[in-house]
Amino acid sequence: MQVNENKEFEPLIVAFCCNWCSYAGADLSGTNRLNYPTNVKIIRVPCSCRVNPMFILRAFQRGADGVILCGCHPGDCHYTSGNYFTRRRMTLLFSMLDFLGIERDRTRVEWVSAAEGAKFAATMNEFTEAVKKLGPNRRLEDLRCRKQ
Amino acid sequence: MLKISLDRINELFEAISASQTLYIPTDREDGAAEYRKYESGMKLSNALNTVRSAKDFFFPQTENLVDFKMEGKNIEVIDIRKESEDFVIFGARACDARSFTILDKVFLAEPVDSYYKTRREHGTVVTMACTRPSETCFCGVFGIDATAPEGDAACWSDGESIFFEAHNEKGKKFIDSISSLLEDGDTAKLEETREKTRAILKKLPLAGLSTESFGGERMMEHFNSEKWGELSESCLGCGTCTFVCPTCQCYDIKDFNTGHGIKRFRCWDSCMYSDFTKMAHGNPRLTQLERFRQRFMHKLVYFPANNNGEFGCVGCGRCLSKCPISMNIVKVMKALEVK
Amino acid sequence: MQEAMINRAKQLLADGTVNRVIGWKRGEFVYDVTPAIFETAEELDAEFVYDDFTAANVSKYLVKECKKEGKILAFLKPCDTYSFNQLTKEHRVVRDNVYIIGIPGGPKLDAEKIKAKGITGILGAKNDNGTFVIETLYGEEKMPYYEALSTKCESCKSKKHVVYDELIGDDGEVLESDRFDMVEKLENMSAQERYDFWREQLSKCIRCNACRNVCPACTCEKCVFDNPDSGVENKAPADSFEENMFHIIRAFHVAGRCTDCGECSRVCPQNIPLHLLNRKFIKDINSLYGNYQAGEDTTSRAPLNDYKTDDCEASIVHERGVE
């Protein structure tokens, strides 16, 4: 996203949400008329475990400034254990991104259940603020995808 | 002959880079050399050669060709080429200089590759004669004299000074532009150095290699040779040999979707890759043996068949030192030699 | 050692235990050996070599070789046995079709390290009590032997063979190595320093795929980066993003399976320390999920195929180390 002198930097946030918990959580936050920033673009996935590292990287490639992955709470996975695998996978991936010097606050995993509409909205507000502070993603962006 | 003392070489670089972009081989922290854009204080490498060849300057690894923008049913085609700047490549070796002649045959033949041509026109190649050839060198096999490199202008070092000589108009212009720094020098010591280098060149372990068994006439004989199986059995199918090679010229053209348009670019391709020349019907070379054979047949048989006997190899020795499993053109030539 | 290996190989060929041998073949120079398959005693006598420069890990070739007719004899160094065991675990090789002779590893050398010293025209070399004496076109040169060590042998993790049918020489021990030192050093840098370090290194990448193709853990029939339908297939690093992506995904895909054999760094024509990416994953796995050495056995679950209900959360990355 472009930084415009007149306007505050508006980050693009990609949120991968699992179909059974977090996506429903987002729905609930909507029906409860809770606000969360329009910067957040939700991509629904069958399970948080569906997200492989390439998804995260490609989101950054295509202009995301922050990527958040939401799934059912540990123990509550619709497929029993999907989110446990996700947890290990993302821990290692985020650690690697950090190792390469990419800002660690651009990535996050959060567990949001279908009943936690308020948590969903709060998480998104908080995460968007954090990414806003970091400024545009420059270290893991593809220059070809930057809008001129 | 015009010369400049070696300890004043950076003055020379400053002068050249004041008017145009200058690239020189310089040492990296890992001990390997690579071409870099000259910046004040940069040291000329003593290494015999760079890891990547100098072909990058005329035929870069990736190059954007054209952009497309789509709106509704309209496609706008945008020529992204910018005004080219003049540049100088300093210190290319005789092998790399010959590789440009080979690349010219491919890219400047009809239909002319205008991207390549523009770069060739804007680039001045100043070569540097070798004084310490390596055991992996075999340029002599392809009729290249490492002590008399081609290029627009050439230079020689006798350990104290660098001597210059122009080979064409572009080279003359280059030497004129730096003439205020040059002085007339005695070439006696230089001749001595060259003589010494020639003696070493004769002693090189690969000096006896022969190209007699190769060329267009022996196409089917080599193609059907049973040796390919054994030669290629340990090939990893990586692209190292192709990408460090100064004469490999195959490329692929691809479209990259940026999300708001298309960038059409070309990038080096390697015949060692499984998707090389993959077409709608599939791939004509399904095994590593076939892909391996293609690379060496191209250099030793197909290329000379199409180019009056000129081979597609300059004996720079890069693939000899870089192949992960040490399989290379020399081993292939020795195995396929017709006694 | 070389003679003992050739003699044993000849016996096994003669008594029909195996019908071919995988080893290393002498090259043009003292250092350029090529992995090769030998079928007769004559071939072994003429070309088989085992010396300071036989660093190449032949385990990966066995994926293809073990599917052919008859049994193959493989000489495996300790580190190579880890790779082989890991392949067995993943059902990529048929253990019964390979006759393994464990051989002592001993540190291997890298000709590039010698050349980086400015030594050129190498005609011969020998170790003289820790001094490497190199005969060149320009006279004799000397350098400390250990400075010519291949990067992968600088910090050896184990001298123990984890799988073999017989041994030539004695078996060794798993070693206490300092292999994570450089990873730790990087972890303690600031994010900006780390970023600059990796940019400098990864921008050298020419995307030759040698690191991937040589890797005994990279055995996919079709790599995502070779698949035109994947959307990420690319033959050249057209943007710094792609350099990062390729190397992150390459290392991630072998996380928990990488035995740290070091082949990736050995083959890199640009001398990128790729093994550091793999070691970072190994170090993280060890510290977060308990010590794990891929290839040590053929039964345990790989750390990324496993979980504990009380594993740490991903936020641990945000809480530790240097920002």
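**View 1. Helix H3 of chain A is mostly covered, with 17 of its 18 residues buried.** Buried here means that 20 or more other C-beta atoms, placed from the backbone, lie within 10 Å of a residue's own. This is a predicted model, where local features need pLDDT of at least 70, side-chain atom pairs count only at pLDDT 80 or more, and totals for chains, interfaces and linings use all residues. Residues are numbered from 1 along each chain as its sequence is written, and chains are lettered from A in the order in which they are written. H3(A) covers residues 82-99 and reaches 26 Å from its first C-alpha to its last, close to the 26 Å expected at 1.5 Å a residue. (Helices are DSSP runs, H or I, of at least four residues, numbered from the N terminus.) Just after H3(A), look for Gly101(A), with its positive phi of about 85 degrees.

**View 2. Chains A and C meet through 33 residues from each.** Being in contact means having C-beta atoms, placed from the backbone, within 7 Å. On the chain C side, H10(C) gives the most, with six residues.

**View 3. H2(A), residues 53-61, pairs up with H10(C): their axes come within 11 Å.** The axes, lines fitted to C-alpha atoms over the stretch in contact, cross at roughly 170 degrees. That makes the two helices, H2(A) and H10(C), roughly antiparallel, a label for angles over 145 degrees. Among the residues that meet are Met54(A) and Leu57(A) from H2(A), and Phe241(C) and Ile248(C) from H10(C).

Notes
Expected span 1.5 Å × (residues − 1). Buried ≥ 20, exposed ≤ 12 C-beta atoms within 10 Å, placed from the backbone. Contact = placed C-beta atoms within 7 Å. Axes fitted to C-alpha atoms, helices over the stretch in contact; angles between N-to-C directions. Parallel < 35°, antiparallel > 145°, perpendicular 65-115°, else oblique.
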